[in-house]
Amino acid sequence: MDLFNAIIQVLDSTIRLSVPLLLACLAGLYSERAGIFDIGLEGKMLVGAFAGAAAASVFHSAFIGLGMAILISVAFALVHGFASITHRGNQIVSGVAINFIAAGSTIMLGQAWFQQGGRTPALASDERFGAIIWPGADELRSVPILGPIYSELISGHSVLVYVAFLAVPFTWWVLFRTRFGLRMRAVGENPAAVDTAGISVAWLRYRALICTGVLTGIAGAYLSMVQNGGFVKDMTAGKGYIALAALIFAKWKPVNAMFACLLFGFLDALSIRLQGTPLPLIGKVPVQLMQALPYILTVILLAGFIGKAIPPRAGGVPYVKER
Amino acid sequence: MSMPYAKLPAWADYGLIPVINLAVAFVVAGFVVLLVGENPFRAAAVLVEGAFGRGQGIAFTLFYATTFIFSGLSVAVAAHCGLFNIGGEGQGYIAGLGIGIVCLAFDSVLPWWLTFPLAIIAAAAMGALWALIPAYLQAKRGSHIVITTIMFNFIAASVMVYALVGFLKPPGSMAPQTRTFLEGAQLPKLNWVIELFGAKIRSAPFNISFLLALAMAFLVWVLIWRTRLGYEMRTYGHSSKAARYAGISETRIIIIAMMISGALAGMMALNPTMGDQHNVALEFVSGAGFVGIAVALMGRLHPVGIVLAAILFGMLYQGGAELAFEMPAISRDMIVIIQGLVILFAGALEHMFRPYVQALFASLSPRSVGIEAIKGKGA
Amino acid sequence: MAQAAIELIGINKSFGAVRANRDINLEIVRGTIHGIVGENGAGKSTLMSILYGFYQADSGEIRVGGQPASIKSPNDAIALGIGMVHQHFMLVDNFTVLENVILGAESDALLKKSIAKARSELERLEREYGLEVDPDAIIEELPVGLQQRVEILKALYRGAEILILDEPTGVLTPAEADHLFRILRQLKEQGKTIVLITHKLREIMAITDTVSVMRQGTMVATRETTKTTVGELAELMVGRRVLLRVEKGEAEAGGVKLAVKNLTVKDSRGVTMVDDVSFDVRAGEIVGIAGVAGNGQSEMLEAISGIRRAVSGSVMLDGKPIDLTGAADPGELRDRGLAHVPEDRHHVGLVLAFEENENSILGYHDDPRYLKGPFLDIDAIRDDARDKITKYDIRPADCRLKTANFSGGNQQKIVLAREMEQDPGVLIVGQPTRGVDVGAIEFIHKRLIAMRDQGKAVLVVSVELDEIRSLSDRILVMFAGRIVGERGPEATEGELGLLMAGVEHREAAE
């Protein structure tokens, strides 16, 4: 029974750790499906986290915080669009720039406004998104096996967790069942086909980037207003890049993205849980190996040794009308 | 096919446009300063004063610049071959492993001038090795080098944590770092050079690796513009078709360019470890690999420009520290914002102001803007 | 009463210094198939892109169905009932046929209705025109002929009454092309108007009602197809240019230097571009390859010079074979005395961002003359470049100037100087004077003949018939990847034109 409880706990933290990855990964999916590389997920999440926590603590409202997180994150996404769509700049360079500006400005503004070494004030419970307890969760807790699964894994998460997991079928639906999704996928594969069909390539890509901004904003809000009770500097700690890795690992598909993020979240949860305790059969696995595993797996996938990750064909290339 | 932009005089291309881009980055940074309620002009004055006002400041400025010269050169070498090496951070970090092993092994038996060359070789070799795998995967398997080098940054971080909490750490110590190097692995300071000019320096980590950085800048210039290898790299960087026509092997040139780039990134680890902290500690690179991107873009990929841009960023780091002290509302992270803005305006938006500058030049003197000779029509 | 579906009046369009269309007037009659012929670069595609709203004309008027029309984007064209099948298909390769058909023409924000509507509409089009295609197939898994059919379906689905096809048979097998023509005739019978852009005269004769000829951006003639001949059209296409005959003596051909045997080359899509080609080039002669652009000449040159991999066949250089099917190395070919002036000097033959002197060693940068150990011998390189500048009268005479700042003619001289001064045994030249000013043409021709007179084997590929006739000692005509005839320099333009148009050998002899 101890083992079972341990598994439940690891899975529970897997879910919690996967959520920011999943939101950022889906965010990247919108932009990359539209043909815009985005290594600025990290930065957009970070500004989202900061804006969310800052606004929530100033206005004493979790929802204002969330709104602000989304707003600022979208603004950063539009800067990326301005550089890479309007001015046809290098998308990688623009993404790097955004990560820097985000890292610097969150700490500096945080320090200037709140004087807590780059932190925002600790959020009160009504300024955060609290856990939602599902009906009957407490009563069913004692039921063997199913009880803990229901009350620990399914119930008891913040609304943003459910939002993240609902975003998966929703993204799938947008991508494959709507006009916008069809056009977005088309513009990432062959923008000339979209252009000759009489659709604006630039406007379509901007809209995809807005979706990216909304999702990274929510991801940031989750970090600072759910996982943590306030903003801490550099709190994304590379999650944007893991999300990017997960996106490649998922071959740019929403449902795969969920499984990739759950896998990477699970590795994270496991490495925290184990902290050097030996595993049966394998023996002692260095924590660092577990932490590096998402990246190693992604490199192996990219090298084409396990399946082939084919990115959207027009990705990274500014669209120029060719004559 | 025509070039997208008509020609500007060289001084405008290499001087005016970077200055405009830099100026815009600083104007935007000025607004951030306003946002936290400080006077941007006073902030600028404090920053420059902090960086160059006293010998102490100059020494620190040059100490920071040393690392940035290496990382800027690293980015530039790859860029001349048309490759974006975003992995300088990881290549520099992993080089700490080589430096650590060499210094721990020899600092008690060899003088610094023998340990130093060994450490250079070890650092360069580790950096090159860390760049080799992404290069090979790009050349042979077509994996996007930007993504693989990012992944390798994180893998390097894990490897280094593993090494620093493991075999590099002295037994019994809790801190994830090597023991302090003995004198045989401490680089001599260069502060006396500044003191020659009458300045007083209490203590600053400005050290001999600065000379190595200048030597490397010169060697990179020789490599790129004076060797057959550099010629091949530039050819491939400008046009892979022309390289194929000229009989240049794509695989070979990608791998060599990336290994040189990685070696330079590796060498940047010498300055903070052997020159300053006298150990290898967690996260000692602290973003310098990424600063290299800004430095290389700002310096327009030329070693002279890179040295100047590195000093500019050294100034920002040193002056930024003073600024944080003088104006509590402004933290040192102001520099990170400026870096980001420089990358944005000098990199991603580098062409934003060009049409206006061209229009200006065209209106001043039509002859100075050479019209592209387009006779043949593209298909 | 013939009614005009489209009238173009005084259309002008320039790209930078290039005037792609000048004062074009054209009337296309409703319910007909109207062909537009011309060489590559004659401005056909630009004109049609203007009609489709992809570009805007600098001046001129477009009337559709008699009404002045303002076509600012493909949307406007589509609304006016104009559809276009592009040369390079505008399809999303990993989408299904249905998805491609509805893209941009969806009926509402959700796809369900659009897809259902498209499915029934495709069934109708299939019944009416015999345009069969599996609506759920993925584009990249379809053969090229069917992909093109999807492009036609896209246009018809959007209610196109006027259908423009840009070089539609370029990628098709003869059987597929025949099928396409049957479809086009059927569309015409249903009252649609078809504009067919091509450089293949045989197709024009086979299917069109009216044909217009374009040359160098102008519309030179419009004829009823039944009242013209292939010969007349060929002449109109190529034009009677001012002859720039360069004096040259009889060739004294020696032994075989370059022997091409059964060479077959395919492009990246697997379409055969060069089909079992064999010929020799002997020392002291110029062999000219004539042909309309796109008939495999470029691919053949690239294969012989080691840039492109051949599927099969061999090339013997000085009696020794070169492996072209494996890892051919242009550097090795250079060492063995084969010099190559590529067709595309902007991206292949030169690095435009380089200084002139740097380009004057491209490909020969490993020659010990230019090196001191691993270092470039800058003085030697610049001296060498200055010599070539003097010898080839390259202007401006500045070896430190960026190559992009030289004119087309001088850029070509930089390449020629580099390749000729290496004293190669074999020189192959693609489009020696494309984009070159008249003054430089004569100079380049003289140089090529001087090479011949020195006993070099020279192979020239050019789409300029006049140039081929002026330079060559023997003329080979390429059509559809094959060599369809050999003629002496005395061959007439008409005779060569027929061969280039793919008219059978026997007919040409009549």
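Mentor: In this predicted model, the secondary structure of chain C consists of 18 helices and 22 strands. Chain C has a radius of gyration of 25 Å, close to the 24 Å that the globule rule gives for 510 residues, so it is as compact as a globular protein of that length. Of the 510 residues of chain C, 51% count as buried. Among the contacts in chain C with a separation of 6 or more, 68% are made by residues 24 or more positions apart.

The division of the chain comes next. Chain C falls into domain 1 (4-238) and domain 2 (256-356 + 424-509), so written because the bounds come from an automatic or database domain assignment. The centres of domain 1 and domain 2 of chain C, taken over C-alpha atoms, are separated by 32 Å. Where the two domains of chain C meet, 13 residues of domain 1 are in contact with 14 residues of domain 2. On the domain 1 side of this contact in chain C, helix H7 (201-207) and helix H8 (230-238) each supply at least two residues. H8(C) provides the largest share of that side, five residues.

The largest nonpolar core has 405 residues, of which A:Leu23, A:Ala246 and B:Met267 touch the most other members. Helix H3 (residues 55-80) of chain B gives the most to this core, with 15 residues. From chain C, the core draws at least three residues from each of domain 1 (4-238) and domain 2 (256-356 + 424-509). As for A:Ala246, leaving aside its neighbours within four places in sequence, this residue is in contact with A:Leu21, A:Cys25, A:Ala257, A:Ala260, A:Cys261 and A:Phe264.

For the setting of the other chains, the contact between chain B and chain A takes 38 residues from chain B and 36 residues from chain A. H6(B) gives the most to the side of chain B that touches chain A, with eleven residues. The residues on that side of chain B divide into 27 nonpolar, nine polar and two charged.

Conventions: Residues numbered from 1 in each chain as written. Chains lettered and ligands numbered in written order. Predicted model: local features only at pLDDT ≥ 70, side-chain atom pairs only at ≥ 80, totals over all residues. Core = buried A, V, L, I, M, F, W, Y, C linked by C-beta atoms within 7 Å. Buried ≥ 20, exposed ≤ 12 C-beta atoms within 10 Å, placed from the backbone. Helix = DSSP H or I, 4+ residues; strand = E, 2+ residues; numbered from the N terminus. Contact = placed C-beta atoms within 7 Å. Rg over C-alpha atoms; globule rule 2.2 N^0.38 Å. Nonpolar A, V, L, I, M, F, W, Y, C, P; charged D, E, K, R; others polar.
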